[in-house]
Every structure is written in structure tokens, then in C-alpha cells.
Amino acid sequence: LLELNRLEEGSIQPKFFQGQIIQYLKYLTESYQSFAWSKRRSLSFHAEVEDDFLMDFDSQKLQRILINLLSNAIKFTPELGQIKVLVKKDTGHNSLIIRVKDTGQGIPEEALSHIFDRFYQVDNSSTRSIQGTGIGLALVKEITELLNGDVSCKSIVGKGTTFELSFPITRNAP
């Protein structure tokens with residue numbers, strides 16, 4: 001909550017540096033491998049971008065975003081389900097696309113327009129035992145926007161959910 005308030009007040013600013021973002025995203029995903037495995041879920045990483053690809057990013061804020069999305073995917077995907085992190089370039093928009101895709105229970109269509117609202121939780125009796133606080137996705141959205149990115153979600157109940165992040169590719173930071 002404090003972080004959301006600081007974001008809203010504008011007291012949190014991005015700290016961009018130029019680095020190998022694919023290696024960093026792979027590292028973050030792999031750091032969640034044992035947690036996913038302990039919950040009997042498969043977690044994989046695939047990039048259509050070379051490992052040494054350079055761009056500006058804020059490692060701490062990107063970590064907050066990805067960890068929130070991976071935690072939710074693991075939490076709402078049943079045993080033996082799959083979670084994939086997919087990364088590619090959108091050359092037409094000069095952006096990097098990061099998708100977190102799961103084979104979880106999905107989000108009802110009527111709830112999709114609210115999932116990034118603070119304190120919103122999908123009212124679903126099958127998930128009531130694993131609900132959180134309703135601030136994780138709001139934090140994801142606000143941090144993504146702080147980094148000049150966009151986030152969207154597509155979901156099919158019973159099939160899974162895909163969160164898509166899009167960040168501009170820049171190379172201005174030291």
C-alpha cells in the first residue's frame with residue numbers, strides 16, 4: 001500500500017540503466033523455478049530475442065512486476081499446470097513484449113476490466129481460499145506505466161490467462 005501511495009504521489013522515479021534485459025528476465029524466471037516445482041507447476045522461459053540484447057530498464061521495478069505476475073500465475077494454476085514467460089520484440093512499435101501465460105482457471109470476462117483496480121478481487125468461490133489483498137495487479141499496472149509501458153490481460157475461464165507487458169526499447173541510460 002505504501003508503494004502504491006508513493007507511486008501515486010510521484011515520489012518514486014524510475015532508475016533506468018542499460019543492460020542485458022533477456023538475461024535478467026531469464027534469471028528472474030529461473031529464481032521462481034523451485035517455488036513452481038514445489039507447487040507441482042511447470043515454469044518455462046522462452047525468448048525470441050538474443051540473450052545479449054541491450055535496452056534501458058529499471059531492474060528493481062521490473063522485478064516487482066514479474067514477481068507479482070509469476071506469483072499470481074503459480075497461485076491460480078492447478079497442479080501439473082504450465083506457466084510460460086515469453087519475450088519478443090515488436091519492431092513495428094520498437095518495443096519489447098513480455099507475456100506471462102498460464103493454464104490456470106482464468107478470469108471471467110466481466111472481471112477483466114477491473115483486475116487492475118486497487119483492492120479488486122474476482123468474486124469466485126473456487127479461489128476464495130487463495131485470495132490476496134487485491135493490490136498486486138494495481139501495483140503491476142502503476143509500475144508498468146511509470147516505466148512508460150503498457151499492460152493488458154486476456155483470459156478464458158477454464159483455459160488460462162495471459163498478461164502482456166510492452167516496454168519501449170530505448171538505449172539512453174548509462
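Trainee: Is Phe35 buried, partly exposed or exposed in this predicted model?
Mentor: Good place to start! Buried would need under 20% relative accessible area, and exposed would need over 50%. Phe35 has 36% relative accessibility, so this residue counts as partly exposed.

Trainee: And Tyr32, is that residue buried or exposed?
Mentor: Use the cut-off again: buried means under 20%. Tyr32 has a relative accessibility of 18%, so Tyr32 counts as buried.

Trainee: How many aromatic pairs does the structure hold, and what kind is the pair of Tyr32 and Phe35?
Mentor: There are five aromatic pairs in the structure. For Tyr32 and Phe35, the ring centres are 5.8 Å apart and the planes stand at 80 degrees. Planes over 60 degrees apart count as edge-to-face, so this pair is edge-to-face.

Trainee: How are helix 2 and helix 4 oriented to each other?
Mentor: Helix 2 covers residues 21–30 and helix 4 covers residues 59–76. Their axes come within 10 Å and cross at roughly 40 degrees. The crossing is right-handed. Angles under 35 degrees would count as roughly parallel, so these two helices are instead oblique.

Trainee: Which residues of helix 2 and helix 4 make the contact, and how many of them are charged?
Mentor: Helix 2 brings Ile21, Tyr24, Leu25, Leu28 and Thr29. Helix 4 brings Ser59, Gln60, Leu62, Gln63, Leu66 and Leu70. Sorting the residues of this contact gives seven nonpolar, four polar and no charged.

Note on methods. Residues numbered from 1 in each chain as written. Predicted model: local features only at pLDDT ≥ 70, side-chain atom pairs only at ≥ 80, totals over all residues. Heavy atoms only, no water. Axes fitted to C-alpha atoms, helices over the stretch in contact; angles between N-to-C directions. Helix = DSSP H or I, 4+ residues; strand = E, 2+ residues; numbered from the N terminus. Parallel < 35°, antiparallel > 145°, perpendicular 65-115°, else oblique. Left-handed = near helix turned anticlockwise from the far one by under 90°. Contact = heavy atoms within 4.5 Å. Nonpolar A, V, L, I, M, F, W, Y, C, P; charged D, E, K, R; others polar. Phe/Tyr/Trp six-rings, centres within 6.5 Å; stacked < 30°, edge-to-face > 60°. Buried < 20%, exposed > 50% of the residue type's maximum accessible area, 1.4 Å probe, protein only.
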